[in-house]
Amino acid sequence: MFGRDDLEWDQLVEAGTAFLIERAKLGRTTSYTEVDAALVRRTGLRGFDFSQAEERAAIGELLGRIVRTDIAHTAYPEGRLMLSALVIYLNGNDAGTGFYALATDLGLLTPGASKEARERFWISQVRLLHEHYGRSR
């Protein structure tokens, strides 16, 4: 899938999860560019070429895998949290459309939610991630 084998995907999920948890502990968000740079440093694998639509879709796939794996293996007292909420566009202040699609697919966001409802959901996810991981320092 996207020119990567299962072993690469597993490495990317593990490294990406660790990086996003670190960001949550710091009370910060991150960008797709910063995630990509961290993955290259931590895994030695090739980065994502954001000039290519397929590569942008591939990092979205990775973030979805991170969320699904994390939710499947972690019991949060606050409910299901999406680590990908911490990833925003460079110079942006919001999650990407894939984040909201995944939240809807997971039953965390109502289908057809308004822009305001999506924004409230995203802000809530970021706050809860910072609180949850901030406590675990």
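The face of helix H4 turned away from its buried side carries Thr97 and Asp105, which are exposed (exposed means over 50% relative accessible area, buried under 20% and partly exposed in between, with a 1.4 Å probe and protein chains only). Helices here are DSSP runs of H or I with at least four residues, strands are runs of E with at least two, and both are numbered from the N terminus. This is a predicted model, in which local features need pLDDT of at least 70 and side-chain atom pairs count only at pLDDT 80 or more, while totals for chains, interfaces and linings use all residues. Residues are numbered from 1 along each chain as its sequence is written, and side-chain values use heavy atoms, with hydrogens and water left out.

On its buried side, H4 (residues 97-105) has Phe99, Tyr100, Leu102 and Ala103. These residues lie on the same side of H4 because they cover an arc of only 160° around the axis, the arc being that of the directions from the helix axis to the C-beta atoms. An α-helix has 3.6 residues a turn, so residues three or four places apart point the same way. The buried residues of H4 pack against helix H3 (53-73) and helix H5 (115-135), where contact means heavy atoms within 4.5 Å. Just after H4, Gly107 takes a positive phi of about 80°.

The aromatic rings come next. A search of the whole structure finds 4 aromatic pairs; rings of Phe, Tyr and Trp (its six-membered ring) pair if their centres lie within 6.5 Å, and planes under 30 degrees apart count as stacked, over 60 as edge-to-face and the rest as tilted. One of them is the tilted pair of Tyr32 and Tyr89, at 5.3 Å centre to centre with 35° between the planes. This pair links distant parts of the chain, since Tyr32 is in helix H2 (residues 32-43) and Tyr89 is in the loop between strand E2 (87-88) and H4, 57 residues apart. Tyr32 counts as buried at 16% relative accessibility, whereas Tyr89, at 47%, counts as partly exposed. The pair of Phe99 and Tyr100 is edge-to-face, because the ring centres are 5.1 Å apart and the planes stand at 75°.

Phe99, Tyr100 and Phe121 form one aromatic cluster. The charged end of Arg118 sits over the ring of Tyr100, 5.7 Å from its centre, a placement that requires NZ of Lys or CZ of Arg within 6 Å of the ring centre and within 35 degrees of the ring normal.
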